[in-house]
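Please open the model in your viewer and keep the selection tool at hand.

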Amino acid sequence: MGLLIRELNEEDSLQITELYKSFGLLMDTFENGNQGYTGGYYRDDSYKEDIYYSDEENPSYVAEIDGRIIGFIEAFFENNYIELNDYVCIISNIYVIDEYRKYNIGKLLVDKIISIALLKNTDYISASVLPRNISAAKFFNNLGFKANGQIFIKDVNKLLSNGKHK
């Protein structure tokens, strides 16, 4: 398996769109006439504006095998995120096609974001997980993130003091 982890770019939008469709983010499941993004679902093509093409403030990567994108991660940096009064890297989306999940590709994608976060002197890495997404909660927990409600947090300062991460 010739796996490549590389930056997400605009040329990837068609394949990323297909991945968004495959894991249900384009379902028309809205209440009270809401439009755009609500509770994990998009009604129309507005999600395309939310794809973070990789740059200094939005580190986003794809996992690719033989030209096929099989997973991706999107993140961004923010000061004073929620109750954390520090510089935080927020993982906004991560997805790996089911058939490739047993190969630790999700961990490799998170590791890439962690390495960028360490370079940028980030205090925490955070990911928000919907309550119904049990597998994502287990995934982040197994990577050493600590749950605080729907938010999973990893303390980067502890990574530095240990010299490694889980």
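Select T122 first: this residue is buried, at a relative accessible area of 2% (buried means under 20%, exposed over 50%, partly exposed in between, with a 1.4 Å probe and protein chains only). T122 sits in the loop between α2 and β7 (helices are DSSP runs of H or I with at least four residues, strands runs of E with at least two, numbered from the N terminus). The model is predicted, so local features need pLDDT of at least 70 and side-chain atom pairs pLDDT 80 or more, while totals for chains, interfaces and linings use all residues. Residues are numbered from 1 along each chain as its sequence is written, and side-chain values use heavy atoms, without hydrogens and water.

Display the surroundings of T122 next. Its side chain reaches the backbone oxygen of A117 at 3.0 Å. Leaving out residues up to four places away in sequence, T122 touches F77, Y87, V88, C89, A117 and V156 (contact means heavy atoms within 4.5 Å).

Now select I16, F72, I91, V110, I125, F140 and F145, the residues with the most contacts inside the largest nonpolar core, which has 37 residues. Such a core is a set of buried Ala, Val, Leu, Ile, Met, Phe, Trp, Tyr and Cys residues joined through side-chain atoms within 4.5 Å. Helix α2 supplies the largest share of this core, seven residues.

Then centre on F145: beyond its neighbours within four places in sequence, its contacts include I91, V110, I125 and F140. A second, separate core of six residues includes F76, I90, Y124 and I151.

Finally, select D66, in the loop between β4 and β5. D66 is exposed, with a relative accessible area of 73%. Its C-alpha atom is 7.8 Å from that of L3, 63 residues away along the chain.

Technical notes
Polar contact = N/O pair within 3.5 Å; in protein donor to acceptor, adjacent residues only side chain to side chain.
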